[in-house]
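Reader: I have a protein chain to look over and some questions about its residues. Please show me the sequence and the structure before we start.

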Amino acid sequence: LRDEAADASRGAESVERAGQGGARAARRLLALDGEPVADLGALLAKIGVSVAQPGIVTSDERMVVGMRAGGGAAAIVLETVRTKSAWGRRFELARGLGHLLLDPLRDGAAGAASSRFARARRRRRSGAFAAEFLLPGSALAEASGGVVDGAATPTEFVRLLQRYGVGARTAAHQLWNHRWLSSADLRDGLIDSFAAECGDGEAGEGGGRS
């Protein structure tokens, strides 16, 4: 997975594109096609990543991940307002997978954390990886019915959130990044309308136009 994801991300014109390419390669190798990742914890365990959620409460840090070449890999989800939600935990685990697959090894090891102190480029890449891994472009095309703004109706947008287990910000930014929304105002309107409803009260993941 690391080799394929690294190859797919190499030479990308931006760190966001690198994250998206790595996610598409991982989904392809895991035979996910455009389907939702039903049980992300079980999937990570299958590929050798142990997951723990010890109930440690923090104000900002959400996830810690690490691996050693030839050894194991582990992800720890910390408890914040965001990770109390199912979609928040899923996003942080997917972000952790992005770090494990795309971050370079140093002295045979790699590690990262999700917090405001994380390095910007690695954080942006792992965020784009997580968004694409959980909500792939093919799913957006299907939800939109091949029509720009087709997934922007309340019914279709909520269905997208529920089926793929993502927050409103992630879905809105993914639709915008993949050009299934006609304007940034519509993207922001979806976030304003649905973010509070699903407890998605923090800054968007996946960034601006990639």
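Reader: Does serine 85 count as buried or exposed, and why?

Author: This is a predicted model, and serine 85 is found in its loop between β3 (73-77) and α4. Buried means under 20% relative accessible area. Serine 85 has a relative accessibility of 16%, so this residue counts as buried.

Reader: With which residue does the side chain of serine 85 make a polar contact?

Author: A polar contact is a pair of N or O atoms within 3.5 Å. The side chain of serine 85 has such a contact at 3.2 Å, and the partner is the side chain of tryptophan 87.

Reader: How many of the 15 residues of α2 are buried?

Author: Helix α2 spans residues 15-29 and reaches 21 Å from its first C-alpha to its last, close to the 21 Å expected. The cover over its buried residues includes α1 (2-9), α4 (86-102) and α5 (120-134). Among the buried residues are Val15, Glu16 and Arg27. α2 is mostly covered, and the number of buried residues is eleven.

Reader: Which element gives the largest share of the largest nonpolar core?

Author: The largest nonpolar core has 51 residues, and Phe129 is one of those with the most contacts inside it. The largest share of this core is seven residues, and they come from α4.

Conventions. Residues are numbered from 1 along each chain as its sequence is written. This is a predicted model: local features need pLDDT of at least 70, side-chain atom pairs count only at pLDDT 80 or more; totals for chains, interfaces and linings use all residues. Side-chain values use heavy atoms; hydrogens and water are left out. Helices (H or I, at least four residues) and strands (E, at least two) are DSSP runs, numbered from the N terminus. The expected span of a helix is 1.5 Å times one less than its number of residues. Buried means under 20% relative accessible area, exposed over 50%, partly exposed in between (1.4 Å probe, protein chains only). Contact means heavy atoms within 4.5 Å. A nonpolar core is a set of buried Ala, Val, Leu, Ile, Met, Phe, Trp, Tyr and Cys residues joined through side-chain atoms within 4.5 Å. A polar contact is a pair of N or O atoms within 3.5 Å; within protein, one must be able to donate a hydrogen and the other to accept it, and residues adjacent in sequence count only if both atoms are side-chain atoms.
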